[in-house]
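Today I opened a new page in my notebook. Let me walk through what I looked up, one stop at a time.

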Amino acid sequence: MQTPYYLIDKSRLLPNMEKIAWLRDASGVKCLLALKCFATWSVFDFMSKYMDGSTSSSLYEVRLGREKFAGETHAYSVAYADHEIEQVLDCSDKIIFNSIGQLNKFADASQGHIRGLRVNPGVSTSDFDLADPARPFSRLGEHDPAAIDAVADQISGLMFHNNCENDSYDRFDEMLTLIEDRFGDVIHKMDWVSLGGGIHFTGEGYPIEKLAARLKQFAETFGIQVYLEPGEAAITGAATLEVTVLDTMHNGKNLAIVDSSIEAHMLDLLIYREPAKISPDTGPEEWMICGKSCLAGDIFGEFRFDAPLKAGDRLSFQDAAGYTMVKKNWFNGVKMPSIAIRELDGTTRMVRDFDYSDFAAALS
């Protein structure tokens, strides 16, 4: 199969799905796939056996969720446009407004629909200001309990999304307690609450039993249905980006240029200045792996190998499912990676290829 391509391995996706299913059974929560992180619908039939539906951040995502992912379809957007709202409502079971202003604006259009409101609790686990929903002057949700209580009769649920790659149960528990203390009065008036995504409960060593007990306690205390919106937790470790070395150079360090681009194909790593992952990352040979775009900083990272790299060598970047395929772009006209799936029986099939016609069609 011609590189570059993303390879989704169902045998590596399955353990995440099984943990999600266990958490659902043990706690009573419902789990919705966050399409903003992963929207490769060719595996939605597989994932929907273990999850309750999908949640979105835009009209196109909610439509994809309705058409491709069985179960509930939740709609959320930072702001809906007038020309979008009718289709968003048609495609969703629940609609979550980001502000009281949007709730009021679309009150008539959404009459009779299950409605919720995003709440900004003022705390988060993000280490990056860029991704911190509770940053100063944040536009992500309403923060005043009194203002939220004043419109409680217009909604039946609330959405809190303030975890970000949070692998600490204690920090989750601490923040949920703050939410209970500050917004408990209005939560008591609700039928459901979403705690969003960013809880890394499928990670190795995470105390998932404690999480299940805490979520069950939260639901019983307030008499609500609790939702989680796993993104990374659902697909961590489930895919690789397969690339080929095209050329090697030496300029103070060993350099290998591959047929991919971190800016075009693993953009989040560039944004957050994190290296890609290669396993194993051992051996006497140290090489900087570089992308083929003209961006000087198009560098996947520095890794160790048993032998010198040469043109034609194949490399696999690990953990390439989340925020990759949904963010891939046509910078420099570099060919987008194809998408392939490895089935549980070990067979691999190509499900999508991209060519010049796709590049040209994306422009004008």
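I began with a rule: two strands pair if DSSP finds at least two bridges between them. Strands (E, at least two residues) and helices (H or I, at least four) are DSSP runs, numbered from the N terminus.

I noted that this is a predicted model, where local features need pLDDT of at least 70, side-chain atom pairs count only at pLDDT 80 or more, and totals for chains, interfaces and linings use all residues. Residues are numbered from 1 along each chain as its sequence is written, and side-chain values use heavy atoms, with hydrogens and water left out.

**Entry: the barrel.** In which order do the eight strands close into a barrel? I read off E2-E3-E4-E5-E6-E7-E8-E9, with parallel pairing.

Entry: Strand E2 (residues 30–34) pairs with strand E9 (residues 225–228) in the parallel sense, over two bridges. I looked up Cys31 and found that its bridge partner in E9 is Leu228.

**Entry: Ala109.** I found Ala109 in the loop between helix H5 (100–105) and strand E6 (114–119). Glu86 is 23 residues from Ala109 in sequence, yet their C-alpha atoms are 7.4 Å apart in space.
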